[in-house]
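My entries follow in the order I made them.

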Amino acid sequence: MKQITIFLEKKHGKLKEITSVLAEASVSIKAVDLVESSDFGLLRVITDDIVKACEAIEKNGFSLTLTDVLKVEIDDEIGALSRVVSLFSDNGIDIEYCYTLNSEMKGSFIFKINTALLNKAKKLLEENSISFE
């Protein structure tokens, strides 16, 4: 699964501007994570149409990068996230960051993992019957 990271100047209205750009392009934001520093912000988004989203973002002058991430489906029960995090940790896979994408009955966590370990992580999830994209 691809994640779009958009670089935003730390100025009033920039988040409104980018969400409006996506709305006007009829792109649905499925997950969002906003991280800030003193001078700029990083907006990470998962959308329903990666191509249309990238075209709209770039057309409107924003800088972006695409990143491979894993969307891991986790049952809504105590300990479910811990099991996946432990599976990665016990097998030498560090999580660089994560955030959520939720539905009614299941939650999905977005995990950024070192690209060199992405296939290993996917294999572990498959071997443990955990759904992912």
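**Notebook entries**

I began with Lys52, which touches Ala25, Ser26 and Val27, leaving aside residues up to four places away in sequence; contact means heavy atoms within 4.5 Å. This is a predicted model, in which local features need pLDDT of at least 70 and side-chain atom pairs count only at pLDDT 80 or more, while totals for chains, interfaces and linings use all residues. Residues are numbered from 1 along each chain as its sequence is written, and side-chain values use heavy atoms, with hydrogens and water left out.

I placed Lys52 in helix α2. I noted Lys52 as partly exposed because its relative accessibility is 33% (buried is under 20%, exposed over 50%, partly exposed in between, with a 1.4 Å probe and protein chains only). From Lys52 to Leu22 I found 8.7 Å, C-alpha to C-alpha, across 30 residues of sequence.

Next I looked up the helix pair. The axes of α1 (residues 14-24) and α2 (residues 50-59) come within 9 Å and cross at roughly 130°, which makes α1 oblique to α2. I recorded the crossing as right-handed. Ile18, Val21 and Leu22 of α1 meet Ala53, Ala56 and Ile57 of α2.

Last, I checked confidence (pLDDT, from 0 to 100 for each residue). The protein has a mean of 91, with 95% of its residues at 70 or more. Confidence is highest in α2, at 98, and lowest in strand β7 (residues 106-113), at a mean of 75.

Definitions and conventions:
Axes fitted to C-alpha atoms, helices over the stretch in contact; angles between N-to-C directions. Helix = DSSP H or I, 4+ residues; strand = E, 2+ residues; numbered from the N terminus. Parallel < 35°, antiparallel > 145°, perpendicular 65-115°, else oblique. Left-handed = near helix turned anticlockwise from the far one by under 90°. pLDDT = per-residue confidence, 0-100.
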